[in-house]
Amino acid sequence: ETSKRMIEIYENDLESADISMQVNSSLSLLKKSLNDLYENIYNYNNPSKIMEIVHGKVHPNLQLAFNLTLKRLKPYR
């Protein structure tokens, strides 16, 4: 249900932004990765494949699309 909802959010809110930002393909790559995630969940594929899609495609494309940066935390002692 979550992956399905992410695609709905993309189609309702982000697709218009993607059209206005034609130079930036990160939103269209995000859509492709969300669709890939949805298809793999829907078809009950291997959990490791789903994890690979999330960490290897969805997360990086979210970072690119919204210019997100990672914050490093200080190690716990």
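Which residues in α2 meet which residues in α3? Ser26, Leu27, Leu29, Leu30, Ser33, Leu34, Asp36, Leu37, Asn40 and Ile41 in α2 meet Lys49, Ile50, Ile53, Val54, Lys57, Val58, Asn61, Leu62, Leu64, Ala65 and Phe66 in α3, where contact means heavy atoms within 4.5 Å. By class, this contact of α2 with α3 has 14 nonpolar, four polar and three charged residues; Ala, Val, Leu, Ile, Met, Phe, Trp, Tyr, Cys and Pro count as nonpolar, Asp, Glu, Lys and Arg as charged, and the others, Gly among them, as polar.

This is a predicted model, in which local features need pLDDT of at least 70 and side-chain atom pairs count only at pLDDT 80 or more, while totals for chains, interfaces and linings use all residues. Residues are numbered from 1 along each chain as its sequence is written, and side-chain values use heavy atoms, with hydrogens and water left out.

The helices named here are DSSP runs (H or I, at least four residues), numbered from the N terminus.

| Helix | Residues |
|---|---|
| α1 | 2-20 |
| α2 | 26-42 |
| α3 | 47-66 |

The axes of α2 and α3, lines fitted to C-alpha atoms over the stretch in contact, are 9 Å apart at an angle of about 160°, on a scale from 0 to 180 degrees between N-to-C directions. The two helices are therefore roughly antiparallel (over 145 degrees).

Within α2, Ser26, Leu27, Leu30, Ser33, Leu34, Asp36, Leu37 and Asn40 are buried (under 20% relative accessible area, 1.4 Å probe, protein chains only). After α2 comes Tyr44, with a positive phi near 55°.

Thr2 lies in α1 and counts as exposed, because its relative accessibility is 59% (the cut-off is over 50%). From Thr2 to Tyr38 the C-alpha distance is 8.8 Å, at a separation of 36 residues in sequence.

Note on methods:
Parallel < 35°, antiparallel > 145°, perpendicular 65-115°, else oblique.
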